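Trainee: I am new to this structure. Please show me how to read it, one feature at a time.

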Amino acid sequence: MSDQPPTDQALSSVDAVLAQMPEGMGALNEKMGIEITEISPDRIVATMPVEGNTQPYGLLHGGASVVLAESLGSVGSAIAAAPDRIAVGVDISATHHRSATSGTVTAVATPAHVGRSMATWEVVISDERGKRVCTARITCALVPAR
């Protein structure tokens with residue numbers, strides 16, 4: 001994980017990809033504070049604050065981690081599907097390794113498989129110390145655009 005801020009080129013790439021999506025990152029991602037900081041066909045990185053995304057005991061909600069993972073896997077799959085196909089989620093699983101109670105988590109998504117009709121991404125979510133909080137795997141079908 002790099003401590004370097006994203007370059008202007010990486011940011012413009014993020015903006016270009018999100019501009020092609022009908023609703024950008026979508027309302028849920030905005031409410032949760034998810035921000036994509038790096039995007040390419042081989043790696044997508046995003047951050048999300050723990051604050052505002054906790055369960056009743058003050059821990060990062062497992063569902064919030066799943067939303068973060070699904071967002072990155074879906075964006076990566078959409079890149080793979082473009083321009084004549086769209087990505088639709090068909091499966092997601094997550095293992096929660098440790099809790100996070102404050103700060104920001106960072107998710108790094110990498111493709112496990114990208115084919116003509118399906119894409120699978122592994123998403124590793126870590127806390128500010130670089131400790132793994134969650135590992136998720138999302139699979140999207142790549143279907144013809146209407």
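Mentor: Start with burial. Buried means under 20% relative accessible area, exposed means over 50%, and partly exposed lies in between, with a 1.4 Å probe and protein chains only. In this chain, buried residues make up 36% of the 146 residues. Note that this is a predicted model: local features need pLDDT of at least 70, side-chain atom pairs count only at pLDDT 80 or more, and totals for chains, interfaces and linings use all residues. Residues are numbered from 1 along each chain as its sequence is written, and side-chain values use heavy atoms, leaving out hydrogens and water.

Trainee: How many helices and strands does the chain have?

Mentor: Helices (H or I, at least four residues) and strands (E, at least two) are DSSP runs, numbered from the N terminus. Here there are three helices and six strands. Their order from the N terminus is α-α-β-β-α-β-β-β-β.

Trainee: In what order do the strands of the sheet lie?

Mentor: Look for pairing. Two strands pair if DSSP finds at least two bridges between them. The six strands form an open sheet, ordered β1-β2-β4-β5-β6-β3, with antiparallel pairing. At its edges are β1 (35–40) and β3 (85–96), each pairing on one side only.

Trainee: How many bridges join β2 to β4?

Mentor: Six bridges link β2 (residues 43–49) with β4 (residues 104–114), and the two run antiparallel. Valine 45 faces valine 108 of β4.

Trainee: What span does helix α3 reach?

Mentor: The expected span of a helix is 1.5 Å times one less than its number of residues. Helix α3 (residues 62–81) has 20 residues and reaches 28 Å from first C-alpha to last, close to the 28 Å expected. Its buried residues include Leu68, Leu72, Val75 and Gly76.

Trainee: Which strands does α3 lie across?

Mentor: Contact means heavy atoms within 4.5 Å. Axes are lines fitted to C-alpha atoms, for helices over the stretch in contact, and angles run from 0 to 180 degrees between N-to-C directions. Helix α3 lies across β1, β2, β3, β4, β5 (118–126) and β6 (132–144), and runs at about 150° to β3.

Trainee: How many disulfides are there?

Mentor: A disulfide is a covalent bond between the sulfur atoms of two cysteines. The rule used is a pair of cysteine sulfur atoms within 2.5 Å. The count is zero.

Trainee: Are cysteine 134 and cysteine 140 buried or exposed?

Mentor: Cysteine 134 is buried, at 0% relative accessible area. Cysteine 140 is buried too, at 1%.
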